[in-house]
Amino acid sequence: MILDGKALSEKRLELLREKIEESGLYPHLATVLVGSDPASQMYVRMKHRACERVGIGSVRIELPETATTQEVLQAVERLNNDPEISGILVQLPLPRQVDTERVINAVLPEKDVDGFHPVNAGKLFAGQPQFVPCTPGGIMTMLSEYGIPIAGRNAVVVGRSVDVGRPMAALLLNADATVTICHSKTVDLPAIVQRSDILVSAIGRARFVKAEMVKEGAVVIDVGINHDENGKLCGDVDFDSVAEKASAITPVPGGVGPMTIATLMENTFKAEQARSCNPVL
Ligand code: NDP
């Protein structure tokens, strides 16, 4: 089974558009883009397009490549204090001279629709999720919508980043999977991956996961966005060979990526709903 993130995200966005319309609320997402990295520019464009699609207003803050930490913090502070803004997304990665941790920590947790603030990360790990990072959140939605059981199954997450690997592991654990996290220092990674009923790969290495590493019938979620030696877009998983063994698999593109954006929209509406109940926020 191919897990079609594109079709599912279309469905979720349409549902969200209706919900927003019925609510009478007008959520606003602000994006902060520092510099002119083409991939980041493209992601921000896609996010604004999705906002338009579902009836979320969007504000775009752009700062030059040379921006200082202080300048980025000031932009975030203005958005924190802007009563129109429901959610703030700082597009990562930030240029080297900018202190990413300080910037992430400066976003009000109530407006942190990316779910990267330590308060939101802590809540997730405490089993009380509020804003869940969009990529792992979207993956959980996908597993649930496709009726893939999680409880009691062996799940392996390859990659331990703050934006994907760690929150993914926490979400799977909260859903009662038995979770192993692997990373670059893991010894005998193939043997661990071989045992997994659910494999999530988020490492950023083109076609790293080969068929012989994957258990027959496993569910394989490919987060990676890479380019192979011929410049072709591909995931972390060698799709053609792994698809033969997996019971379900996400393609790249058209798998996890669109779900990430749909989840960002859902988080933004959620932030606005919370704010409308408590206008002080
Ligand atoms: P990071 O670079 O932050 O983290 C990569 C992780 O993979 C690290 O934990 C690293 O280990 C681990 N790793 C790297 N190489 C190996 C290896 N050979 N064996 C085992 N572990 C390894 O990346 P992200 O988590 O931000 O992103 C991962 C991929 O997902 C990228 O391709 C990115 O573009 C993509 N992505 C896709 C999204 C989507 O919406 N589809 C959203 C976000 C990311 P260590 O910690 O030891 O260094």
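The domain assignment of the chain gives two parts, domain 1 (24–111) and domain 2 (134–256). The structure described here is a predicted model. A distance of 28 Å separates the C-alpha centres of domain 1 and domain 2.

Three strands make up an open sheet with parallel pairing, in the order β2-β1-β3. Its edges are β2 (57–63) and β3 (87–90), each of which pairs on one side only. From one strand to the next, the twist averages 15 degrees. In general, the strands of a sheet pair through backbone hydrogen bonds, either parallel or antiparallel. Here, strand β1 (residues 28–34) is joined to β3 in the parallel sense over four bridges. Within this pairing, T31 has L89 of β3 as its bridge partner. Helix α3 (residues 69–81) lies across β1, β2 and β3, and its direction makes an angle of about 160 degrees with β2.

Attention now turns to the ligand. For T260, a polar side-chain atom lies 2.8 Å from an oxygen atom of the ligand. In the side chain of D163, an N or O atom is 3.0 Å from a ligand oxygen, and for the side chain of N226 the corresponding distance is 3.4 Å. Taken alone, the ligand exposes 930 Å², and the protein buries 71% of that area.

Some backbone details are also worth a look. Most residues other than glycine have a negative phi, and most peptide bonds are trans. Against that background, the peptide bond from L92 to P93 is cis, with omega near 0 degrees. P93 sits in the loop between β3 and α4 (100–106). The peptide bond from V252 to P253 is cis as well, with omega near 0 degrees, and P253 belongs to the loop between β10 (248–249) and α10.

Key: Residues are numbered from 1 along each chain as its sequence is written. This is a predicted model: local features need pLDDT of at least 70, side-chain atom pairs count only at pLDDT 80 or more; totals for chains, interfaces and linings use all residues. Side-chain values use heavy atoms; hydrogens and water are left out. Domain bounds come from an automatic or database domain assignment. Two strands pair if DSSP finds at least two bridges between them. Helices (H or I, at least four residues) and strands (E, at least two) are DSSP runs, numbered from the N terminus. Axes are lines fitted to C-alpha atoms, for helices over the stretch in contact, and angles run from 0 to 180 degrees between N-to-C directions. Contact means heavy atoms within 4.5 Å. A polar contact is a pair of N or O atoms within 3.5 Å; within protein, one must be able to donate a hydrogen and the other to accept it, and residues adjacent in sequence count only if both atoms are side-chain atoms. Accessible areas come from the Shrake-Rupley method with a 1.4 Å probe; for residues, only the protein chains shown count as cover.
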